[in-house]
Amino acid sequence: MLYCEKCGGIMKRYVPRPKESPTAWFRCMTRNCDCKMIKCEVAEKNILNAMEEWLEEYQIQLEQTQTQAVDPIDTALETVHSQLAGLQLQQEKICEYLEKGIYSVEMFSKRNTALSKEIEQLRESETDLFRQKSDGNQRKRAAAELIPTTQHILDSYDALTVEEKNGLWKLVMRRATIYREPEGEVRIQIFPNLPR
């Protein structure tokens with residue numbers, strides 16, 4: 001869907017009658033908006049250019065994030081696992097202290113309750129980290145699918161039908177805004193359908 005950048009209104013496509021102008025154009029549906037009419041071919045050309053620029057920047061950004069040697073979530077998981085192992089060892093030792101008579105039943109109960117709470121908190125942290133890792137993997141897969149789809153659209157754009165173009169754009173783009181200044185300059189902003 002194409003929106004007016006200035007007022008947020010929907011840009012409607014007008015197709016002229018055969019006796020009128022041979023080119024179709026977009027016009028903002030909002031009354032009194034100073035956005036000038038934009039020829040469809042100009043809007044398409046600007047969207048294509050914006051998507052090409054975005055794709056280049058996005059690929060570079062993905063390459064930079066993939067070159068990071070250490071995943072912070074993996075590091076946090078390792079820390080949680082080592083802390084869990086340490087707490088479980090402490091829990092085993094307090095059982096030994098109770099058996100040897102070093103701890104009283106009351107002291108054992110207090111210490112065991114405290115250790116159990118810490119272990120429970122660490123298990124919750126571990127579950128949260130696993131969820132974050134899973135979400136991150138899903139985002140990476142979605143990003144990996146977004147790049148080839150966008151590249152396919154850009155490479156075969158001229159050979160696609162209008163319906164195919166619209167269907168493919170909806171896969172990779174949430175929306176786009178466009179505005180034609182009174183002086184004639186066209187501004188466009190795209191909002192790719194990035195994984196959240």
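In this predicted model, helix H4 contributes five residues to the lining of the largest pocket, the largest share of that lining. Helix H4 spans residues 162-172 and is one of the elements that give two or more residues to this lining; the others are strand S2 (11-14), helix H1 (40-66) and strand S5. The lining comprises 19 residues in total, and those nearest the centre of the pocket are Leu2, Phe26, Ile47, Asn166 and Trp169. By residue class, the lining divides into 12 nonpolar, six charged and one polar. The space within the largest pocket amounts to about 660 Å³.

Strand S5, which contributes to the pocket lining, also pairs with two strands, S1 and S6. With strand S1 (residues 2-4), strand S5 (residues 173-180) pairs in the parallel sense, and three bridges connect the two. Leu2, a residue listed among those nearest the pocket centre, is positioned opposite Ala176 of S5.

The pairing of S5 with strand S6 (residues 186-192) is antiparallel and is made through seven bridges. Within this pairing, Tyr179 has Arg187 in S6 as its bridge partner. Strands S5 and S6 together form a hairpin in which five residues separate the two strands. The turn of this hairpin includes Gly184, for which phi is positive, at about 110 degrees.

Notes: Residues are numbered from 1 along each chain as its sequence is written. This is a predicted model: local features need pLDDT of at least 70, side-chain atom pairs count only at pLDDT 80 or more; totals for chains, interfaces and linings use all residues. Side-chain values use heavy atoms; hydrogens and water are left out. Two strands pair if DSSP finds at least two bridges between them. Helices (H or I, at least four residues) and strands (E, at least two) are DSSP runs, numbered from the N terminus. On a 1 Å grid over the protein atoms alone, a cavity is a set of points where a 1.4 Å probe fits but cannot get out, and a pocket is an open set with protein on both sides within 12 Å along at least five of seven lines; lining residues have an atom within 4 Å of a point. Grid points are joined across faces, edges and corners, and a volume is the space filled by probe spheres set on the points. Ala, Val, Leu, Ile, Met, Phe, Trp, Tyr, Cys and Pro count as nonpolar, Asp, Glu, Lys and Arg as charged, and the others, Gly among them, as polar.
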